[in-house]
Amino acid sequence: MADALAEMTKRSAYFQQIEEDVQKHRQVIMEMKVAISSFQTKDMDELIKFQKHVERHLEKLSDETQVLARFEDFPTKKLETLRMALALHLKLKGIATDLKNWKVAPPLGQLLHKIDSYFNKIKRELDALERTKDEESKRFQIHNIHFDFNILVQIKESLVDVSSSCMELALKERRQAKAAANAEIGSKTEGTTKACAKMLWKAFQLAFRVYSFAGGQDDRADRLTKELAQEIENDPEQK
């Protein structure tokens, strides 16, 4: 029975391809084995570059798991950790880039809704990461990968910047609505003024949530928050 199974395995096109890959890519795999085992970094750009180099070779294998299993002591766990670290970094970098490039422009209502939805999404993910950050850091360090979690600070700072820009836009529209109301009395201008007052409150709520999440705010955000609060307090609709 064992001999029959061995013979079937030997003749299987699938396993023949695996054996061919083992022979064909042996030298490259042995070189990767050494490179992965010795790799260490604190630079996330270096991690990206190294992992791209590794993946370019591994994608040529018909079945990565089966082929690498043929090589004794291949650092499979470290390879998995490298992939995890890279995926996490790219995810966080993507969030940071989204926030940095966020276009703050009218209509304010749609803008605040979009930002609020995005904030709710990333907040859940980042809160979860904050709880496991130390554990993740230790897991990476075991394999000499010193993950740069400072990107979380960058994300929070960018959130504060976006929130501040929303407050600026809300205050600008409020001033414009006031000027229009003073120049022309009517139901249309009254409706615009009320809508702007509502946007002020929404912008303030977003700013407070961002402040609580970021653990603070810069001078610009502090000034705008106070100005926004003053506008809300002076609004007749709030009294």
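Student: What does Lys33 touch, not counting residues up to four places away in sequence, and what makes something a contact?

Tutor: Lys33 touches Glu72, Asp73, Phe74 and Pro75 once residues up to four places away are set aside, where a contact means heavy atoms within 4.5 Å. This is a predicted model, in which local features need pLDDT of at least 70 and side-chain atom pairs count only at pLDDT 80 or more, while totals for chains, interfaces and linings use all residues. Residues are numbered from 1 along each chain as its sequence is written, and side-chain values use heavy atoms, with hydrogens and water left out.

Student: Where do Lys33 and Asp73 lie, and how far apart are they in sequence and in space?

Tutor: Lys33 belongs to helix 3, residues 26-38, whereas Asp73 sits in the loop between helix 5 (64-69) and helix 6; helices here are DSSP runs of H or I with at least four residues, numbered from the N terminus. The two are 40 residues apart in sequence and 8.4 Å apart in space, C-alpha to C-alpha.

Student: How do you know that Lys33 has no salt bridge?

Tutor: A salt bridge is a side-chain nitrogen of Lys or Arg within 4 Å of a carboxyl oxygen of Asp or Glu. The nearest side chain of opposite charge to Lys33 is Asp73, at 5.1 Å, so Lys33, although buried, has no such bridge.

Student: Why is Asp73 called exposed?

Tutor: Its relative accessible area is 62%, and exposed means over 50%, buried under 20% and partly exposed in between, with a 1.4 Å probe and protein chains only; therefore Asp73 counts as exposed.

Student: Which residues gather in a patch of negative charge, and why is Asp161 called partly exposed?

Tutor: Glu157, Asp161, Asp218 and Asp219 gather there, since Asp and Glu count as negative, just as Lys and Arg count as positive. Asp161, in helix 8 (residues 151-183), has 36% relative accessibility and therefore counts as partly exposed.

Conventions:
Helix = DSSP H or I, 4+ residues; strand = E, 2+ residues; numbered from the N terminus. Patch = residues over 30% accessible without salt bridge, like charges linked within 9 Å, V, L, I, M, F, W, Y side chains within 5 Å. Areas by Shrake-Rupley, 256 points an atom, 1.4 Å probe, with all protein chains shown as cover. Charge placed at Lys NZ, Arg CZ, Asp CG, Glu CD.
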